[in-house]
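Have the structure open while reading.

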Amino acid sequence: MNADLPPGARLSVPAYALDRADYAPSAPIAPEGATVSAVAPESPAWDAGIEPGMVVTTVNGSALDDMITWLWESDDDEVDLVVYDPRDQTSTPCTLERYPGEDWGIEFDGAIFDAMRTCVNACVFCFMTMLPPGSRDSLSIRDDDYRLSFLQGNFVTLTNMTDEDVDRVIRLDLSPMNVSLHAVTPAVRRRVMGKNEHRGIEVLERLMDAGIEIHAQIVLCPGINDGEELDRTLAYCEAHEQITSLGIVPLGFTRHQKRFKTSYSDDPDAARQVIEQVRPYQLRALERFGRHTFQMSDEFYLDAGIEVPPASWYDGYPQYYDGIGMIRSYLDDTAALLANHRSRLAAIGRAMAVNGLALAVVSGTSAASTVGNLVEAPELGGTVIAIRNDYFGGNVDVTGLICACDLLEQLPGNLVNVVLILPSVMFNSDGLTLDGYHGDDIRRELERRGARVHIASTMPFELADTLEHALGLCGPGQSVKEQRV
């Protein structure tokens, strides 16, 4: 690959990954840009001499402020970069070329390279304001960045977007956008979100007028934006075809606040009423568009004691990571495993029995019975251990918010010969739980109790893969997941 360097020259020497500790603390602050986290061998970036730790400051003359700029500017087969090397504080221009379809071979540290847009609202249900005293500062960062809405599916209120931001979304067709709507009546929106609420609706309607697809969300708070206001919000969404899905999730709260004491988890009748209130909108959307559009969070069905709808009601799961459709997906995957891979599951169970092992899978209390459909099936004969969330308290009961202090306190002291599965969703990308424990430390403590610990997804096919590999039942490269068909 060509670069604006002498033949064989590289941007810096040597070509090994840099340890950030190599950089002198007194070195000048690097210019803004995208820090390189990895470079694929023999790739265009590798050929140009780009190495981890360097900073790409511009791409085709544009400041590299986020992944949107990178994706937009690097779409062709040639790209001009300026790369800063913090070891000698030099900036070097270079040109990367690639074959059609070839990857540039460069990964960046995150998706936003300048200052993240933070929230300017005062939402009554904000989880960040309900954290326990002494929580890590990083947990209190209230991002509300429209770029993360497009890049990662985060829900944003749009209230902090400038006109230039809106123009960029429209010009680049950043669609779909995930938008926190919550209510439509100005007075109710002010009560829910604060004084900046009007900007969110203004931006939302401008985006919809320009053809941007919207996945919207309502956090439903009893006595605030439910009842008649919910009808008004549903009708608003029904009147705007650009809103192709609306997720309705119930208020969640911790014990570390004084604003809320109850939610739908405490009132099955109220949960059932919301489900019935939304149903006519779902049926009209199905008749009109062939999709249900209005999606109820799994928690509503659990709280109401009603079976979750079939997969067809979830329209391809556009709001899966908002907790909508996860239970249905789990139940369907469990049914598929039991129907098509029963002998493989039975082999796992036999291997456990022959080796004198017992299976235990950790879960939040809300999903425990769902996970039990697979784990406690006769083929596996395992146990689901539901961890009560005392760290947060309130009505927090999901698996992803399990904390190490609760886990270690509630698991048995004797775990000899137990194959213990800890849900990977408990840990962030750095391997930390919300209360700051690293997975390796948790593993060591549980191994001292005798457990054979595996941190893995507890979704059905992934769980089966983990158990097969742990028991040596898979050959190289084999997995249950690959044989789902």
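## A strand covered on both faces

In this predicted model, both faces of β8 are covered. Ile214, Ala216, Ile218 and Leu220 are buried on one side. His215, Gln217 and Val219 are buried on the other. The strand spans residues 214-220, and seven of its seven residues are buried.

## Strand partners of β8

Strand β7, residues 177-180, pairs with β8 in the parallel sense. Four bridges make up this pairing. Methionine 177 has isoleucine 214 of β8 as its bridge partner.

Strand β9, residues 243-250, also runs parallel to β8. Seven bridges join these two strands. Histidine 215 stands opposite serine 245 in β9. How does the chain get from β8 to β9? It crosses through helix α7, residues 227-238. This β-α-β crossover is right-handed.

## Aromatic pairs

The whole structure holds nine aromatic pairs. Tyrosine 264 and phenylalanine 300 form one that is tilted. Their ring centres are 5.2 Å apart, with 55 degrees between the planes. Which parts of the chain does this pair link? Tyrosine 264 sits in the loop between β9 and α8, and phenylalanine 300 in helix α9, residues 298-304. The two are 36 residues apart. Tyrosine 264 counts as buried because its relative accessibility is 2%, below the 20% cut-off. Phenylalanine 300 counts as buried because its value is 0%.

Tyrosine 281 and phenylalanine 294 make another tilted pair. Here the centres are 5.6 Å apart and the planes 55 degrees. Tyrosine 281 lies in helix α8 and phenylalanine 294 in strand β10, residues 294-296, so the pair ties together parts that are 13 residues apart in sequence.

## Cluster and charged contacts

Four tyrosines form one aromatic cluster: Tyr314, Tyr317, Tyr320 and Tyr321.

Tyrosine 281 has a charged contact as well as its aromatic partner. The charged end of arginine 284 sits over its ring, 4.7 Å from the centre. Another arginine makes a contact of this kind: the charged end of arginine 291 sits over the ring of phenylalanine 289. That distance to the ring centre is 4.5 Å.

Definitions and conventions:
Residues are numbered from 1 along each chain as its sequence is written. This is a predicted model: local features need pLDDT of at least 70, side-chain atom pairs count only at pLDDT 80 or more; totals for chains, interfaces and linings use all residues. Side-chain values use heavy atoms; hydrogens and water are left out. Buried means under 20% relative accessible area, exposed over 50%, partly exposed in between (1.4 Å probe, protein chains only). Two strands pair if DSSP finds at least two bridges between them. A crossover is right-handed if, with the strands pointing away from the viewer, the path from the first strand over the helix to the second runs clockwise. Rings of Phe, Tyr and Trp (its six-membered ring) pair if their centres lie within 6.5 Å; planes under 30 degrees apart count as stacked, over 60 as edge-to-face and the rest as tilted. A charge sits over a ring if NZ of Lys or CZ of Arg is within 6 Å of the ring centre and within 35 degrees of the ring normal.
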